[in-house]
Each structure stands twice: as C-alpha cells, then as structure tokens.
Amino acid sequence: MARGKTAAAKLGALGLVTALAACGPDPNATPNLENFTAKQIYERGEYELEVGNPRRPNTALKYFSEVERLYPYSQWAKRALIMEAYAQHRAKKYEEARASAQRFLDTYPGDEDAAYAAYLLALSYYDQIDEVGRDQGLTFQALQALRDVIENYPDSEYAHSAMLKFDLAFDHLAGKEMEIGRYYLKRGDYTAAINRFRVVVEQFQTTTHTPEALERLVEAYLALGITDQAQTAAAILGHNFQSSPFYQDAYNLLEKKGLKPEAKGDGWLAKVYRQVIQGKWL
C-alpha cells in the first residue's frame, strides 16, 4: 500500500534500527519491543518493508504483529493490521492475507481503509489464478470478492481496478469452458462439446471467447447433421463478429454443405438470435 513518508518518519525508523541493533548480536532474533512506542514499532515495520528488507516481507510482519500485541486498541494497531494484510499478500501468504484483511473489515467496517482491505482480500484470490487449467473455485471466489469491492466501494480508488480484474477473471472462466469443449470436439464427443460452448454463448457473451464458441458450435452441429442450429450459430457470429476469422471459418464450413448463415428453427440458438439480434427478450 502506498503511504507517503516524511523525512522525520524515516529518521525515526532509522533511529529505532540503531537502537534495536544494540539490543543483541543476532539481527534476525525477535527483539524486545516493550520499551518502544507503537509509532516507533510501526515505522520500523514500514522501514523493513520498503527499505530494510523489501524482498523479505516476513521481517516487517514481525513488527506489525507486535504493534497489535502490545498496543491492541490504538490507532497504530489498526494501521498495523492493514499493513499485515499487505505484507502477507506481498509474501504470497494468500490465506493469511485474506484472514488479516477480513479481520480488518470485521473490526473496522467503516474505516477509510476498509475499501483497501476488501481489495486486498479480492487480490488474494485473484493473484492465485495463473492458468486456465487450474481448479476454478478460486476464480469464482475472486469474482465474488471483486464484486464486493465494486458494489460496496464504488467511489473508491480501487473500484476501477476491481472492474478490470473482474472482467479478466470472467474471461478466465469462459476460457476454461472453451478448453474442455475443444477437448470433447477433438474426441468427436459432439454433444459434450456443444454443452460447453453453449455455456460460453449463454453465460459469457461479453468475453473474448464468444466468437470461437459460435464457430465451434457450427462445427459440432454440422458433424451431427443438425443444420438449423449450425446456420443459426453462424448467423449470430456474422452479425456480431463479421470481421472475426472465426466467422470466415464458419461460413466456409456451411458453404461446403451448400448452406449459408441464417436463423432457422426454434432451438436454443434461435432464442439467442431473437434476444441478441432482434432484441426480443421473450
């Protein structure tokens, strides 16, 4: 978390560094901080996080936790708790970061840093989403936590970033459906593939995966001989994504069968066509 530091604060932290160095020969040992003020201990934690050991957030965590232990009801304890969450997230201790952020929200729900605590909690889920093939439970949790930031703190500086990350996480879920759908399509399990691509078209229409999902539906339905659905999928694709290479692929597949993109029949894709193209939400 970005917090401005005055020269006096830096000097205070450096003074504590010097004082602590005289307490014993082992610089890694947890020092006795009972003779220091909450402000001094807190500033030492900030110093360790940003200057002393910026690549070792665990060092700073010792000081922030000591502020809470020695001065549990002070303003410095409140500030130390949010910095604990930040340092834990920086150390990739995501479960601990979530716990600290949630504790802050439970204890100080109306505080000015509550929005940041909620954002940190969301990030602790979001930053674990690193590849499409992983379990999607974390993605759903990230989406919910990001939604909480957007809805509960719409005017905060974190709302815009939460919106961007929400869209990326949403796209990630669609990507998982596409990955599984392509697997089934390759194996010739067309019904299972259609079910996955249908999820993308119906539930993830705003993601980047929708054009491919429609083209894959054309492939799968043509393979099953269900031409009405294939033509309708291509019609939706052509109307919304005519410049996409996936539309040209779908058009070519239909042309080989003597068909063309057009809405036909009364299947689920015809309903999507009426809703998306004609605006008939019935």
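A: In this predicted model, helices α6 and α7 run roughly antiparallel to each other, because their axes pack at an angle of about 160° and an angle over 145 degrees counts as roughly antiparallel. Helix α6 covers residues 114-126 and helix α7 covers residues 137-152, with the two axes 8 Å apart. The crossing of α6 and α7 is left-handed. On the α6 side, the contact is made by A118, Y119, L121, A122, Y125 and Y126. On the α7 side, the residues that take part are L138, Q141, A142, A145, L146 and V149. Sorted by class, the residues in this contact of α6 with α7 are eleven nonpolar, one polar and no charged.

D111 is buried, because its relative accessible area is 16% and buried means under 20%. The side chain of D111 is joined to the side chain of K78 by a polar contact of 2.6 Å. Leaving aside residues up to four places away in sequence, D111 touches K78 and F104.

Another loop, between α4 (75-90) and α5 (94-107), holds K92. K92 is exposed, because its relative accessible area is 62% and exposed means over 50%. The backbone of K92 has a positive phi of about 65°, although K92 is not a glycine.

The axes of α11 and helix α12 (residues 245-256) come within 10 Å and cross at roughly 150°. Helices α11 and α12 are therefore roughly antiparallel to each other. Their crossing is left-handed. From α11, the contact uses A230, Q231, A234, L237 and G238. From α12, the contact uses F246, Y247, A250 and L254. By class, this contact of α11 with α12 has seven nonpolar, two polar and no charged residues.

Q229 is found in helix α11, which spans residues 227-240. Is Q229 buried or exposed? Q229 is buried, because its relative accessible area is 10% and buried means under 20%. The side chain of Q229 makes a polar contact with the side chain of Y221, at 3.5 Å. Not counting residues up to four places away in sequence, Q229 touches Y221, G267, W268, L269 and A270.

The whole chain gives the setting for these parts. The chain has 13 helices and zero strands. Read along the sequence, its pattern is therefore written with α at every position, as α-α-α-α-α-α-α-α-α-α-α-α-α. Of the 282 residues in the chain, 46% are buried; D111 and Q229 are among the buried residues. Among contacts in the chain with a separation of 6 or more, 61% are between residues 24 or more positions apart.

How values were computed:
Residues numbered from 1 in each chain as written. Predicted model: local features only at pLDDT ≥ 70, side-chain atom pairs only at ≥ 80, totals over all residues. Heavy atoms only, no water. Helix = DSSP H or I, 4+ residues; strand = E, 2+ residues; numbered from the N terminus. Buried < 20%, exposed > 50% of the residue type's maximum accessible area, 1.4 Å probe, protein only. Polar contact = N/O pair within 3.5 Å; in protein donor to acceptor, adjacent residues only side chain to side chain. Contact = heavy atoms within 4.5 Å. Axes fitted to C-alpha atoms, helices over the stretch in contact; angles between N-to-C directions. Parallel < 35°, antiparallel > 145°, perpendicular 65-115°, else oblique. Left-handed = near helix turned anticlockwise from the far one by under 90°. Nonpolar A, V, L, I, M, F, W, Y, C, P; charged D, E, K, R; others polar.
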